[in-house]
Amino acid sequence: MCLAIPGQIVELSTEQAGLAKVDVAGVKRNVNISLLEDEGVASGDWVLIHVGFAMSKIEASQAKDQLRMLAALGEDEMAMDEIRGYSFAERE
Amino acid sequence: MKYVDEFRDPQLIANVAREIARLAGAGRHYRIMEVCGGHTHAIYRHGLKNLLPPNVELIHGPGCPVCVLPMGRVDDGLAIAEQRDVIMAAFGDMMRVPGTRGTPLEHKARGVDIRMVYSPLDALRIAQATPEKHVVFFAIGFETTAPSTALTLARARALGVTNFSVFCNHVTIVPAIRAILDSPDMRLDAFVGPGHVSTVTGCRPYEFIARDYGKPVVISGFEPLDILESILMILRQLRAGEARVENQYRRIVPWEGNLPALRAIGEAFELRPYFEWRGLGFISQSALKVSSAFAAWDAEVQFEVPGVRVTDPKAAQCGEVLKGVLKPPQCKLFGKECNPEHPIGALMVSSEGACAAYYRYAYLSESVPA
């Protein structure tokens, strides 16, 4: 339920404030980055994603650990389904 | 142990386990509650119990959102879903939670328009794409998830989307911990604090547990080594006669939490005077409702909600398992009528539920406690 999926910010949206494209193991989707507005987010940063929102900034090494841990818990496929499932900012 | 090869550093794990055994010594029994369902899952999946001495007992806490949702709220949500021109949107975890007349998935099979979403923003998107219908998001989750619902409400208001509302079942973890501490049949020595919830709340909300109840709290990550280290930090405190809040998961959890997330929660939600938790009963100020500023997006204002109160299936002992009074296999239905394919209680639905975790990973390798 509190699945936290690591992803790398690819680009900040120019169309909508508070939106950024992330790359999670090769899958690219838009997520909401409003919760990180105090810290600021830039292209190349790594974040933890939960239900469509980037929750925390993390180090690149932590992102790899987190992916490995999701796999160890058998939740990696569930995480990829979730990322692929975000449709709120994708064009039809 | 089946999953030991997935440990990053088996030697380090062994060292920590040895140190835990040394500190735990003999004679005293330690009861430590891991509050978060994610930790419960990790503990079973990695067989961490087998690395602990018999006098260090882990009690599974209430930190699994679908597990603590009383059946009456599922029925209430489904009653809204069955109304004319309503689309209900819910997370996958929610789809298999039984109500009195079946799960959301079974209602969907009967023609009720219930859709699985991965984000509350997806529910809002459905509303924008379907202006002739009203979309209700069945919101569940602790503080990790509540900010996302809050920001979705803010976005609905900013965009002027009026055919969208939230059926709010967000709960907050601290009052539940307090209720457990005040419960006469709970004798706990310490808590492994939740990881991802604490990225939002920070560590301060747990300080009363140390200050007022004299119990250590260690916020923990989810790796096997994280959890074992947290148990070690707890034992060190207990042995030294100390009670503090410590943060083992500093790499993710800031002491002060996430301020924009807390602001979003504060704007979109209000505390309910009380809310029913499965197994724990009514707990005051333990849940969130949509704030009056967002009443136009509050499903409980926009729809007639029956306000059903139903007791759990008689034979199921979810409440006792949730409070840690019974271990999952001590329930009469465990593994028989109630299993992951056909869950009767919500603890068997989610991978974070103690029963599902126990069923999948532990009950074959562990003797059933008498």
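Visitor: How many aromatic pairs does the count come to over all chains?
Guide: Residues are numbered from 1 along each chain as its sequence is written, while chains are lettered from A and ligands numbered from 1 in written order. This is a predicted model, where local features need pLDDT of at least 70, side-chain atom pairs count only at pLDDT 80 or more, and totals for chains, interfaces and linings use all residues; side-chain values use heavy atoms, leaving out hydrogens and water. Rings of Phe, Tyr and Trp (its six-membered ring) pair if their centres lie within 6.5 Å, with planes under 30 degrees apart counting as stacked, over 60 as edge-to-face and the rest as tilted. By this rule, the count over all chains is 11 aromatic pairs.

Visitor: Which type of pair do Tyr44(B) and Tyr358(B) form?
Guide: Centre to centre, Tyr44(B) and Tyr358(B) are 5.2 Å apart. With 70° between their planes, the pair is edge-to-face.

Visitor: How many residues apart are Tyr44(B) and Tyr358(B)?
Guide: Tyr44(B) sits in helix 2 of chain B, and Tyr358(B) in helix 16 (residues 354–362) of chain B; helices here are DSSP runs (H or I, at least four residues; strands are E, at least two), numbered from the N terminus. So this pair links distant parts of the chain, 314 residues apart.

Visitor: Is Tyr358(B) buried or exposed?
Guide: Buried means under 20% relative accessible area, exposed over 50%, partly exposed in between (1.4 Å probe, protein chains only). Tyr44(B) counts as buried because its relative accessibility is 4%. Tyr358(B) has a relative accessible area of 1%, so Tyr358(B) is buried.

Visitor: What about Phe142(B) and Trp277(B): which type of pair is that?
Guide: Their ring centres are 6.0 Å apart and their planes meet at 55°, so the pair is tilted. Phe142(B) lies in the loop between strand 5 (134–141) and helix 8 (146–159) of chain B, and Trp277(B) in strand 11 (residues 274–277) of chain B, 135 residues away. Both Phe142(B) and Trp277(B) are buried, and the type of their pair is tilted.
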